[in-house]
Amino acid sequence: MGKIVLKKVNKSFGDTAVIPGIDLTIENGEFVVFVGPSGCGKSTLLRLIAGLEDTTSGVIEIDGKDVTGEAPAKRQLAMVFQSYALYPHMSVRKNIAFPLKMAKMPQAEIDRKVEDAARILNLTNYLERRPGQLSGGQRQRVAIGRAIVRQPSAFLFDEPLSNLDAALRGSMRIEISELHQQLKTTMIYVTHDQVEAMTMADKIVVLNAGNIEQVGSPLELYRSPRNLFVAGFIGSPKMNFVTGPYAQARNAATVGVRPEHMTMSTSEGEWRGTVTVAEHLGADTFLHINVDGIGLVTARASGEFAVNHGDTVFITPDPNRIHRFDANGNALA
Amino acid sequence: MARSVSTRRTAVVTLVAWAVALLIFFPILYTIITSFKSEQEAIQGFDLIPSFTLESYRDVQSQYDYFTPFMNSVILSLGSTILALIVAVPAAWSMAFAPSRRTKDILMWMLSTKMMPAVAVLFPIYMLFRDLGLLDSRIGLTIMLMLINLPIVVWMLYTYFREIPGEILEAARMDGASLWGEIVYVLTPMAVPGIASTMLLNIILAWNEAFWTIRLTTTNAAPLTAFIASFSSPQGLFWAKLSAASTLAIAPILIMGWFSQKQLVRGLTFGAVK
């Protein structure tokens with residue numbers, strides 16, 4: 001079991017409130033991603049749940065039990081750190097066995113569990129090595145192994161993939177998702193990378209300056225962002241925001257159009273503009289276009305759409321997919 | 001392009017380095033040479049070739065008690081080092097992993113006490129020792145040596161502990177380790193090289209300490225430093241015997257330093273080079 005409930009959780013350092021007050025419920029078995037720009041308080045929130053930081057006020061419950069004042073060890077949670085935080089003086093086997101040894105489990109059982117974890121994570125051949133002799137991906141797997149052996153009620157991941165190269169990050173993302181399918185244990189995952197958030201999460205929590213901006217499934221956030229911040233943060237490339245007469249004509253202070261929700265043409269359309277940069281990725285082409293009377297707009301065209309710097313293009317935003325926001329940045333229905 | 005250094009230049013630099021090293025080591029070398037001379041030879045003037053007589057060593061051994069000050073030196077340096085570590089490990093741990101706003105000030109203040117001339121506090125400390133009945137006692141001197149070296153021990157351990165990433169200790173905490181488990185299974189094994197070199201340096205410093213050992217002892221607790229000093233008094237100067245006693249006093253620490261030099265260099269430059 002691993003249902004985690006935060007009630008008015010507040011964390012302040014001196015007079016600065018890093019997290020002014022958060023209410024959040026994480027259901028058992030959910031994969032929840034905390035996402036937000038750096039300094040938004042997502043790691044602090046994770047560390048509060050872990051018990052590595054003390055709350056200033058508020059209550060943290062795990063499976064209905066108040067654990068606010070409990071030490072990390074008592075909370076039945078396992079954590080994977082950004083730096084992996086492996087014990088450099090111990091072999092892989094001893095690293096994975098460490099939580100079991102601390103729990104005073106019999107040696108035979110420890111051996112069996114370590115072998116099992118190593119098999120799941122393809123580490124069987126590396127059990128006698130030291131962390132220093134492993135590659136980044138292998139170290140990350142050892143850190144995950146150390147987390148899964150003791151069957152915690154929830155896993156906490158603190159930006160676990162940000163030290164890996166792009167290719168490895170892609171495959172580790174899939175491995176972690178598969179692990180979640182297998183174990184069906186609650187996972188809380190912190191990242192600043194919205195691609196990781198979109199691809200892995202059951203539920204995304206978007207944080208900004210210590211506050212929750214929106215909670216929802218990836219597609220909910222993508223389809224109906226509650227405000228400008230979420231609209232701008234979720235989706236890549238970023239949503240285009242247009243203010244001025246174009247927005248006023250639609251009874252809004254700002255309207256937003258995603259780059260992929262525009263029809264491109266070289267002959268006709270609603271907006272006329274000049275291509276400043278064309279990024280040809282193969283399957284897609286991202287165009288940065290200076291639109292007359294609107295400003296700089298990013299648009300996604302198919303890979304075959306052959307235009308270059310200086311060409312004139314026409315854009316028609318999909319009228320059904322225009323997002324409208326009021327002067328405070330909140331979405332209008 | 002890598003920087004190239006000509007062979008001639010390397011030779012010159014090597015020669016200069018050897019010359020400087022010899023200059024620094026020369027007083028010790030000459031002490032050792034003199035210890036193998038007879039008393040007549042020793043006062044005759046500068047001479048690098050001794051007659052290799054062991055006469056002075058025999059005299060020092062037979063006429064004076066070398067064993068008691070030697071044992072005192074061992075007890076004082078080991079005792080003060082162990083005592084210092086017992087106090088300094090928790091202190092450095094809390095400064096490195098649970099620093100407060102004043103931690104840096106405390107560290108600077110501790111270091112500043114080492115800048116004060118020892119003689120400035122000689123009188124109050126002497127009075128304290130007299131009133132507490134600690135004069136010429138091993139316990140009193142062990143505490144004294146521990147106190148004067150404590151700032152250095154805390155500083156060294158602090159810089160060592162600071163190199164250990166906090167996330168590893170947090171990982172141990174998440175893995176269910178108690179504070180004790182964290183220190184025994186994770187922190188200490190990772191800090192062993194640092195603790196060892198701190199220990200070595202402190203033993204050497206305590207062994208060589210002469211100001212307080214000479215001031216606060218007479219016979220019972222007198223270590224080798226006081227033993228050497230006693231040769232320059234009543235009977236006049238006996239250079240050869242004094243040299244033999246000095247050689248006997250520095251030999252143990254010189255041998256220990258030689259065998260542990262790698263460890264020591266690593267300890268003293270830790271953090272500066274990786």
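1. Let's start with helix α8 of chain B, residues 166-174: seven of its nine residues are buried, so to speak mostly covered (buried means 20 or more other C-beta atoms within 10 Å of the residue's own, with C-beta atoms placed from the backbone). The buried ones are I168(B), L169(B), E170(B), A171(B), A172(B), R173(B) and M174(B). Helices here are DSSP runs of H or I with at least four residues, and strands are runs of E with at least two, numbered from the N terminus.

2. A quick word on the model: it is predicted, with local features needing pLDDT of at least 70 and side-chain atom pairs counting only at pLDDT 80 or more, while totals for chains, interfaces and linings use all residues. Residues are numbered from 1 along each chain as its sequence is written, and chains are lettered from A.

3. What do the buried residues of α8(B) pack against? They pack against α1 (42-50) and β6 of chain A, together with α4 (67-97) and α9 (179-208) of chain B. Just after α8(B), have a look at G176(B), with its positive phi of about 95 degrees.

4. Now the two chains: 18 residues of chain A are in contact with 14 residues of chain B (contact means C-beta atoms, placed from the backbone, within 7 Å). On the chain A side, β6 (77-80) and α2 each supply at least two residues.

5. Inside chain A, the axes of α2 (residues 92-102) and α4 (residues 136-148) come within 7 Å and cross at roughly 30 degrees. That makes α2(A) roughly parallel to α4(A) (angles under 35 degrees count as such).

Key:
Axes fitted to C-alpha atoms, helices over the stretch in contact; angles between N-to-C directions. Parallel < 35°, antiparallel > 145°, perpendicular 65-115°, else oblique. Buried ≥ 20, exposed ≤ 12 C-beta atoms within 10 Å, placed from the backbone.
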